[in-house]
Amino acid sequence: MSDKTADDKLNTLLADYMVFYQKLRNYHWNVKGSEFFKLHEKFEEAYNEAADFADDIAERILARGSRPASTMAEFINTATLDEDRSVPTAEEMVANLVSDIETLNGRTSSLIPEIEETGDRATANLLDDIIDAQDERLWMFRTFLAE
Ligand SMILES: [Fe+2]
């Protein structure tokens with residue numbers, strides 16, 4: 001089942017999810033203004049979900065016989081998503097998250113056929129489930145921006 005190229009890409013996805021997770025924590029801590037109560041809570045919901053996705057991806061990498069990236073340095077070096085070192089406005093935060101989820105879902109869906117080729121239905125199913133859950137979150141964040 002182990003396939004170096006596919007496993008490396010899963011590790012990149014794991015790193016992207018860890019960067020995404022930390023960005024959500026940053027926004028949860030630092031969001032200000034009239035939307036504070038709503039977004040503080042929504043960002044927490046999203047980072048808990050992102051942490052679960054990261055854990056599931058890491059454990060699939062192990063099940064495939066490879067080692068998951070496990071340190072902050074590896075995450076930063078491997079991820080394609082950028083960290084946010086600023087404190088944007090509430091609206092900018094949500095817009096950044098929309099853009100990140102679009103990137104994550106694009107990368108995830110292009111990885112599915114490659115994983116299927118390795119005969120690993122469990123990981124392909126996980127990636128499908130992640131995309132479905134993220135599509136719902138994308139819809140919520142986009143609707144917030146359309147207010
Ligand atoms: Fe908190």
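Helices α1 and α2 pack at an angle of about 160°, with their axes 9 Å apart. Here axes are lines fitted to C-alpha atoms, for helices over the stretch in contact, and angles run from 0 to 180 degrees between N-to-C directions. That angle makes α1 roughly antiparallel to α2, a label for angles over 145 degrees. The crossing of the two helices is left-handed, meaning that the near helix is turned anticlockwise from the far one by less than a right angle. Helices are DSSP runs (H or I, at least four residues), numbered from the N terminus.

The model is predicted: local features need pLDDT of at least 70 and side-chain atom pairs count only at pLDDT 80 or more, while totals for chains, interfaces and linings use all residues. Residues are numbered from 1 along each chain as its sequence is written.

Helix α2 has 28 residues and reaches 40 Å from its first C-alpha to its last, close to the 40 Å expected at 1.5 Å a residue; the expected span is 1.5 Å times one less than the number of residues. Its buried residues are L39, K42, F43, A46, A50, F53, A54, I57, R60 and I61. A residue is buried if 20 or more other C-beta atoms lie within 10 Å of its own, exposed if 12 or fewer, and partly exposed in between, with C-beta atoms placed from the backbone. An α-helix has 3.6 residues a turn, so residues three or four places apart point the same way. The buried residues of α2 pack against α1, α4 and α5. After α2 comes G65, whose phi is positive, near 95°.

The largest nonpolar core has 35 residues, and L14, Y17, M18, F20, A50, A54 and I57 touch the most other members. Two or more residues each come from α1 (4-30), α2 (36-63), α4 (90-117) and α5 (121-145). Helix α1 gives the most, with 12 residues. Such a core is a set of buried Ala, Val, Leu, Ile, Met, Phe, Trp, Tyr and Cys residues joined through C-beta atoms within 7 Å. Leaving aside neighbours within four places in sequence, A50 is in contact (C-beta atoms, placed from the backbone, within 7 Å) with Y17, F20, Y21 and L24.

A15 lies in helix α1 and counts as buried, with 23 C-beta neighbours inside 10 Å. Not counting residues up to four places away in sequence, A15 touches A69, E74, F75, T78 and A79. D128 lies in helix α5 and is partly exposed, with 13 other C-beta atoms within 10 Å.

Technical notes: Two residues are in contact if their C-beta atoms, placed from the backbone, lie within 7 Å. Angles under 35 degrees count as roughly parallel, over 145 as roughly antiparallel, 65 to 115 as roughly perpendicular and the rest as oblique.
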